[in-house]
Amino acid sequence: MNLIAQTLADGLVLGGIYALAAVGFSLIFGVLHVINLSHGILVLMGAYLALIFSEALHIDPLLCIPPVMAVLFCVGYAYQRFLIQHAVDRASVNSMLLTFGVALMLQNAMIWVFSPDMRSITPSYAFTSLKLGPVNLDAVRLSALAASLILLSCLAALLRFSPLGRVIRATAQQTMAARLCGVNVRHVYALTFAVSAAFAGAAGIVIGIILPFSPNDEGGWTLNAFVVVVLGGVGSPAGALLGGLLLGLVSTLTAQYIGPAFPNVTMFLLLVLLLLVRPNGLLGNAFAPSR
Amino acid sequence: MSILTVERLSKNFRGLAAISDVSFAIAAGSITSIIGPNGAGKSTMFNLITGYLPLTAGEIRFRDKRITGMATNRIAELGVARAFQIARPFRDLSVFENVRIGALFGKAGPRDVVATTHRAMELAAIASLADQPASSLTVGQLRHLEVARAIATRADLLLADEPCAGLNPTETAAMIDVLRQVRTNGVTVVLVEHDMPSVMEVSDRVLVLDAGRLIADGSPRVVANDPKVIAAYLGTPDAA
Amino acid sequence: MKRNPTLVFLLVAVAVVVLAAGPLYLPPFYVRVGQLMLYSAGLGLAWAILGGFAGYVSFGHAAFIGVGAFTAGLVEGQFSSLPPFLLLPLGLLAGAACCAILAALIAYPILRLRGTFFAIAMLGVSHVCAEVTNNIDFFQGSMGLNFPPIAPASMDPANFFYEIYLVAALFILLVSWQIRRSRFGAGLLSIREDEDTARMLGVPTERYKRLAFVVSAVLTGVMGVIYAHSLGYITTDSVYRDDTNLSLIVYSLLGGMGTLFGPVIGAFLLVFITQVILGRLLDFHLFATGLLLVILVLSAPGGVAGLLKKRKRTAT
């Protein structure tokens with residue numbers, strides 16, 4: 001009984017983090033219709049930046065979130081505006097190829113700079129844990145989860161209530177109409193990407209404190225994000241949360257009951273199953289016109 | 001001999017009767033036009049015949065074979081071809097390669113493919129464009145390509161969906177000529193059209209649909225003078 | 001190509017003869033580069049049957065390289081007492097069969113996906129195969145798999161594998177050429193252009209897609225088996241590589257997506273650039289592949305063939 005409760009709890013914690021790690025990808029897919037294969041790289045950038053900041057400035061890694069998000073916001077804006085935008089103008093596969101190429105380049109650059117060794121960020125409260133009923137939750141994982149949920153809510157609030165959020169949603173739903181209303185679509189796209197990159201970076205920090213990371217993980221995080229989007233739906237933090245939680249649970253349950261070699265296999269099978277049955281995810285496309 | 005028989009055909013879209021109780025028979029080797037005001041159900045009719053949409057009631061027979069409820073590609077295999085108003089060419093392939101696909105996967109035998117392709121291109125008056133990529137064709141030429149590709153399948157019935165839409169008078173005349181040629185070569189043609197002069201000139205028979213019902217069925221002259229048809233298009237003097 | 005098939009034939013024949021005589025006049029470094037060029041060309045051609053002809057761009061074909069390689073290694077390991085010249089055919093058969101079965105199994109669900117979804121699903125397949133190979137001891141992915149030497153004693157193994165790659169690449173080129181001029185090939189092209197219209201014209205789209213998928217997988221696996229033998233020892237990371245996944249696409253992009261010789265031109269070019277021009281900077285060539293792809297996508301999405309076409313059009 002305890003084992004199942006613990007596994008489920010671990011799954012939910014992991015799921016919250018997966019959700020944060022995927023929400024940026026989901027937003028780009030929903031608004032720009034671009035599959036950003038360099039998403040994993042942006043996540044890792046966040047992790048490595050936090051590593052640098054927290055070690056250099058001796059601050060808690062979670063406090064690095066604002067500066068890292070700021071840096072990645074700028075990087076994301078420039079990346080979309082000056083690079084990806086040109087590929088988007090042609091065929092849809094082109095943006096995938098472009099981002100895949102960038103991912104390969106940056107992955108190698110990271111290997112040169114940081115070496116392929118696994119790193120991790122160890123916050124000061126690393127070895128404390130809380131007991132909630134039958135379940136053990138360590139402080140780091142809990143704070144990671146809390147950070148994820150807070151950030152997801154912030155994004156949801158941004159999209160729903162802020163002027164920027166409204167413009168993003170309008171552009172996603174009816175691009176031509178938005179243009180005709182005077183929206184500078186390229187700028188909005190770049191802002192969306194910037195927001196997405198910022199959240200990817202934040203996710204990297206959260207991941208960095210609970211899991212060891214290395215440049216070789218980037219493909220895995222991108223694929224993870226894709227699965228979360230397929231599971232939960234495109235374009236909304238709620239969809240990302242739902243997809244993330246599902247994925248987290250499937251991962252931990254598989255690892256515990258079938259074998260540690262199998263979480264990705266199960267995830268992939270789940271992905272294929274869902275793509276066949278409900279390609280728009282459980283919550284559907286947040287920007288699609290309602291019937 | 002009627003090549004296509006439609007009996008008491010009805011199609012409802014959740015309460016809206018798009019087609020109501022329509023019956024007609026198309027004679028083999030003829031050119032029939034279906035006309036009617038916008039929203040009368042003309043395109044729906046084509047969609048029902050080709051199996052794109054399931055019907056609500058009625059029967060459709062092609063060469064005495066019941067095709068009601070059959071899958072679209074099965075109906076196509078039997079010999080019903082469709083040329084769309086919004087042409088869907090294979091853009092990166094040449095005109096010849098486009099038409100060849102029709103011939104390869106239609107009823108022509110493997111040895112007749114090239115000959116069938118050339119014949120279809122000639123009938124559709126695009127033989128001179130054979131090596132050009134489809135992406136370089138004008139709208140009018142694309143319509144010809146649609147027709148060529150359709151008849152390359154050696155279909156017996158061609159359903160042409162507004163082939164003259166958006167074409168200037170010269171292009172329209174060329175298209176009508178093509179349809180005549182197609183008919184001369186033994187393919188029955190049914191077209192949906194708005195261009196009245198062309199319809200009157202080329203059709204053996206005209207069917208008039210209005211709000212899903214067949215309100216007239218006869219030779220062009222008779223139909224043009226039918227008061228019901230005039231009312232459908234222009235309204236009656238005392239309509240409120 | 002249609003203009004003068006005899007000329008093309010002659011050119012290819014001459015090229016094959018020149019290439020086959022390579023080991024006689026090329027220094028050892030260039031023989032190895034030649035191996036890589038021919039290996040890449042064969043892979044590119046195999047990939048292009050699905051990606052170039054049918055338009056189903058797979059981001060995960062390395063899966064079949066790995067499956068072919070590991071199957072061959074494991075099967076050959078069971079029959080290690082066989083004489084060397086029988087081992088390679090056995091491995092090829094086993095690898096090809098396994099790829100065929102895997103492809104046939106996943107074809108049904110995966111080919112229902114279009115465009116970007118298909119691309120990523122294949123990337124997923126590649127990663128899953130890598131993981132399974134790595135984590136399950138039976139496959140020896142993490143420990144590594146040995147391949148006994150099979151080159152005849154009289155021949156330098158490098159030259160031997162060079163010729164084997166040449167034969168294999170030529171075989172795949174012939175298969176590719178045959179497909180392209182057949183009814184099957186015409187059907188694949190129509191699927192790439194407009195799958196729904198193709199179906200309405202009577203093309204058996206589902207059957208053709210599956211066939212292209214299986215053929216592509218098997219040919220890729222065959223190359224993978226040869227590759228494993230030429231390395232002599234493989235681990236998961238030697239064969240299941242994301243940069244390979246990417247390169248296969250780049251070959252067609254560079255040389256011309258959907259053309260017959262495009263993948264060959266692209267493969268030769270890319271290998272030349274990364275191995276010869278950037279050869280000293282060993283760490284750099286993965287970075288360079290990525291960079292080249294970025295530049296390509298931004299400037300010439302039609303590849304070399306596209307650029308040539310454009311020049312012809314502006315000239316007339």
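Helices here are DSSP runs of H or I with at least four residues, numbered from the N terminus. The model shown in every view is predicted.

**View 1. Ile295(C) sits in a helix of chain C.** Helix H13 of chain C spans residues 284-299 and contains Ile295(C). Is Ile295(C) buried or exposed? Ile295(C) has 12 C-beta neighbours inside 10 Å, so Ile295(C) counts as exposed. Gly52(C) lies 243 residues from Ile295(C) in sequence, and their C-alpha atoms are 20 Å apart.

**View 2. Gly221(C) is a buried residue in helix H9 of chain C.** Helix H9 of chain C covers residues 205-231 and includes Gly221(C). The cut-off for burial is 20 or more other C-beta atoms within 10 Å. Gly221(C) has 30 such neighbours inside 10 Å and therefore counts as buried. Which residues does Gly221(C) touch, leaving out those up to four places away in sequence? They are Phe64(C), Val67(C), Gly68(C), Gly95(C), Ala96(C) and Cys99(C). Arg180(C) is 41 residues from Gly221(C) along the chain, with 21 Å between the two C-alpha atoms.

**View 3. Chain A meets chain C.** The contact involves 31 residues of chain A and 34 residues of chain C. On the chain A side, the elements giving two or more residues are helix H3 (65-88), helix H4 (92-114), helix H9 (218-232) and helix H11 (263-277). H4(A) supplies the largest share, 14 residues. By class, this side of chain A has 23 nonpolar, seven polar and one charged residues. Of the two pairs of chains in contact, A and C share the most contacts. Chain A and chain B are joined by no contact, and their closest C-alpha atoms lie 14 Å apart.

**View 4. Chain B meets chain C.** Chain B gives 17 residues to this contact and chain C gives 13. The chain C side divides into five nonpolar, four polar and four charged residues.

**View 5. Helices H1 and H5 of chain A pack together.** Helix H1 (residues 2-32) and helix H5 (residues 139-161) of chain A have axes 9 Å apart, at an angle of about 40 degrees. That angle makes H1(A) oblique to H5(A). The crossing of H1(A) past H5(A) is left-handed. From H1(A), the contact uses Val13(A), Gly16(A), Ile17(A), Ala19(A), Leu20(A) and Val23(A). From H5(A), it uses Arg141(A), Ala144(A), Leu145(A), Ser148(A), Leu149(A), Leu151(A), Leu152(A) and Leu155(A). The residues of this contact are eleven nonpolar, two polar and one charged.

**View 6. A six-stranded open sheet lies in chain B.** The strand order is E6-E7-E8-E3-E9-E10, and the pairing is mixed. Strand E6 (80-83) and strand E10 (213-218) are the edges, each pairing on one side only. From one strand to the next, the twist averages 20 degrees. Strand E9 (residues 205-210) runs antiparallel to E10(B), and five bridges join them.

View 7. Helix H1 (residues 42-49) of chain B touches strand E3 (31-35), E6, strand E7 (157-161), strand E8 (188-192) and E9 of chain B. The direction of H1(B) makes about 145 degrees with that of E7(B). Helix H6 (residues 169-184) of chain B lies across E3, E7 and E8 of chain B. H6(B) runs at about 150 degrees to E8(B).

**View 8. Strand E4 of chain B pairs with E1 and E5.** Strand E1 (residues 2-13) and strand E4 (residues 57-62) of chain B run antiparallel, joined by five bridges. Leu4(B) has Phe62(B) of E4(B) as its bridge partner. E4(B) also runs antiparallel to strand E5 (residues 65-66) of chain B, through two bridges. Here Arg61(B) is partnered by Arg66(B) in E5(B). The hairpin of E4(B) and E5(B) has two residues between the strands, and Arg63(B) takes a positive phi near 50 degrees.

View 9. Just after H4(B), Ala125(B) has a positive phi of about 60 degrees.

Technical notes: Residues are numbered from 1 along each chain as its sequence is written. Chains are lettered from A and ligands numbered from 1 in the order in which they are written. This is a predicted model: local features need pLDDT of at least 70, side-chain atom pairs count only at pLDDT 80 or more; totals for chains, interfaces and linings use all residues. Two residues are in contact if their C-beta atoms, placed from the backbone, lie within 7 Å. Ala, Val, Leu, Ile, Met, Phe, Trp, Tyr, Cys and Pro count as nonpolar, Asp, Glu, Lys and Arg as charged, and the others, Gly among them, as polar. Axes are lines fitted to C-alpha atoms, for helices over the stretch in contact, and angles run from 0 to 180 degrees between N-to-C directions. Angles under 35 degrees count as roughly parallel, over 145 as roughly antiparallel, 65 to 115 as roughly perpendicular and the rest as oblique. A crossing is left-handed if the near helix is turned anticlockwise from the far one by less than a right angle, and right-handed if clockwise. Two strands pair if DSSP finds at least two bridges between them.
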